[in-house]
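This report describes the pockets of one protein model and a patch on its surface. The sequence and structure come first.

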Amino acid sequence: MEEKKYIQKRRSFIFCPGNRPDMIPKAFSSGADMVCIDLEDAIIPDHKSIARIKTVKAFDNLSIPKGVEILIRINDVNSQDGIEDIEAILNTNITVSGLMLPKIQSVEEIIILENKIKDKNKDLNLHIIIETNRGLEKAWDIAQSSSLIKSLLFGGVDMSADLGCNGDWFSLLYARSKVVHAAAGAGIDSIDVPFLDLGDMEGM
């Protein structure tokens with residue numbers, strides 16, 4: 001009898017700031033399919049180091065719920081904070097499903113990180129945020145660049161700033177469609193921009 005292939009559900013998603021480890025267990029029990037601990041946008045520059053330290057330490061005493069995909073959104077892989085995030089994660093026994101990578105703009109960035117992950121014998125998936133005009137242009141090649149990539153995410157807020165347009169649906173339709181096209185071509189998931197209006201519970 002052929003063994004059934006496990007499919008990771010990615011229907012719902014919640015972010016948790018890395019400098020608030022007390023919030024991580026609450027995020028785990030929220031019912032979301034994916035939990036992302038954020039070291040990037042949720043953290044001001046002066047708190048990046050402490051957020052990194054607190055996030056890594058938090059996993060010493062965390063129990064990962066079955067079926068929940070746990071990610072860490074690191075800083076830009078080309079930045080000093082991003083480099084230190086990668087080193088901290090790869091040089092510890094932290095048990096996460098994968099890394100979310102912001103502002104990816106080239107295949108080379110993925111290949112370099114993939115080699116680092118393999119050198120450390122880590123089992124980490126990659127989730128790529130397409131949120132710059134340059135990244136959008138390379139989205140197809142980026143999506144195809146590594147078997148570690150499990151999804152492309154559309155970063156609508158930064159994308160609208162880079163394109164100089166409003167962040168409404170129609171202004172970003174071409175960019176959003178191109179991300180979907182690239183993800184489908186690679187056989188991976190595409191995930192839209194998070195719902196940002198937290199005061200609109202009915203809309204969410």
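On a 1 Å grid over the protein atoms alone, a pocket is an open set of points where a 1.4 Å probe fits, with protein on both sides within 12 Å along at least five of seven lines, and lining residues have an atom within 4 Å of a point. The second largest pocket has about 450 Å³ of volume. Gln 8, Arg 10, Glu 69, Asn 125 and Lys 150 are the closest to its centre among 19 lining residues.

The model is predicted: local features need pLDDT of at least 70, side-chain atom pairs count only at pLDDT 80 or more, and totals for chains, interfaces and linings use all residues. Residues are numbered from 1 along each chain as its sequence is written, and side-chain values use heavy atoms, without hydrogens and water.

The largest pocket holds about 960 Å³ of space. Of its 34 lining residues, Phe 15, Val 193, Pro 194, Phe 195 and Leu 196 are the closest to the centre.

The linings divide by class as follows.

Strand S1 (a DSSP run of E, at least two residues) gives the largest pocket five lining residues, the largest share.

Phe 195 also belongs to a nonpolar surface patch of about 460 Å², together with Leu 198, Met 201 and Met 204. Patch residues have over 30% relative accessible area and no salt bridge, and nonpolar side chains are joined within 5 Å. Leu 198 counts as exposed because its relative accessibility is 61%, where exposed means over 50% (1.4 Å probe, protein chains only).

Methods. Patch = residues over 30% accessible without salt bridge, like charges linked within 9 Å, V, L, I, M, F, W, Y side chains within 5 Å. Areas by Shrake-Rupley, 256 points an atom, 1.4 Å probe, with all protein chains shown as cover. Salt bridge = Lys/Arg side-chain N within 4 Å of Asp/Glu carboxyl O. Buried < 20%, exposed > 50% of the residue type's maximum accessible area, 1.4 Å probe, protein only. Points joined across faces, edges and corners; volume = space filled by probe spheres on them. Helix = DSSP H or I, 4+ residues; strand = E, 2+ residues; numbered from the N terminus.
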